[in-house]
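Subject: Structure handover

Hi,

Here is the structure for you to look over. My notes follow below it.

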Amino acid sequence: MTISVVIADDQQMIRAGLRMVIETEPDMAVVGEAGDGAEAVAVARRLRPDVVLMDIAMPRQDGLAATSTLLATPHPPRVIMLTTFDTDENLHRALRAGASGFLLKASSPEHLITAIRVVAAGDALLDPAVTTRVISAFAGQPGPQPPAELAGLTPREAEVLRLVARGQSNAEVAAALAVGEATVKTHVARVLMKLGLRDRVQAVVFAYESGLVRAGQSPVSPPSPGASSNNRR
């Protein structure tokens, strides 16, 4: 099946470059373009693409507001934010807008193509540089009161969430915990369900905002005292 893509960026040359990269792939097609956020919303609603590449800084309506609007509609597309992330404020706003992918504009064409395939398949992707900025943004912040939802996770599920928050893939988590990749996928799905999260991007935000993971902390921590070993899967 062909992955349909809409490109939203206020610079025509960037749109042309992205189109050129995407249309070299036999399983992808650019079905529309937009020069600002309001136009991106209109085009996406009309064409119903699988994926929207959304620049953050655009006139009339920025990409963050456009993403929030799109994701509030029934059966929304998957959104990948394209940005330079000049400020932590933009980073925080982008994470909370609900996009499924975040890429720096300096990313390679190969990384862009991978990101489109990943989010089109229903997963989420964070550029490693973005994950680093997330860690830095939360470094040194006082630990919040842990939300009640954390108590519903088993020790193993909490371990998986910590590793996911460090930007590790399912294969890397499986290697770290000496389990199969299918087992990791099951744990991730349970974590998202229990915490009421849509995807891995929201899981990363939750892990840092809840204090489960902090900068400089070992990604895999032992279970809390009194935790039953029977809960470990």
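Start with the helix packing. The axes of helix α1 (residues 12–22) and helix α5 (residues 109–120) come within 10 Å and cross at roughly 70°. Axes here are lines fitted to C-alpha atoms, for helices over the stretch in contact, with angles from 0 to 180 degrees between N-to-C directions. So α1 is roughly perpendicular to α5 (65 to 115 degrees). Leu18, Val21 and Ile22 in α1 meet Pro109, Leu112, Ile113 and Ile116 in α5 (contact: heavy atoms within 4.5 Å). Helices (H or I, at least four residues) and strands (E, at least two) are DSSP runs, numbered from the N terminus.

A word on the source. This is a predicted model: local features need pLDDT of at least 70, side-chain atom pairs count only at pLDDT 80 or more, and totals for chains, interfaces and linings use all residues. Numbering runs from 1 along each chain as its sequence is written, and side-chain values use heavy atoms, leaving out hydrogens and water.

Next, the strands. β1 (residues 3–8) and β2 (residues 28–34) pair in the parallel sense over six bridges (pairing needs at least two DSSP bridges). Val5 has Val30 in β2 as its bridge partner.

Last, Asp55. Asp55 sits in strand β3 (residues 51–55). An unreviewed UniProt entry annotates Asp55 as "modified residue: 4-aspartylphosphate"; such annotations may be inferred rather than shown by experiment. Asp55 counts as buried because its relative accessibility is 5% (buried: under 20% relative accessible area, 1.4 Å probe, protein chains only). Beyond four places in sequence, Asp55 touches Ala8, Asp9, Asp10, Gly63, Leu82 and Lys105.

Best wishes

Technical notes:
Buried < 20%, exposed > 50% of the residue type's maximum accessible area, 1.4 Å probe, protein only. Parallel < 35°, antiparallel > 145°, perpendicular 65-115°, else oblique.
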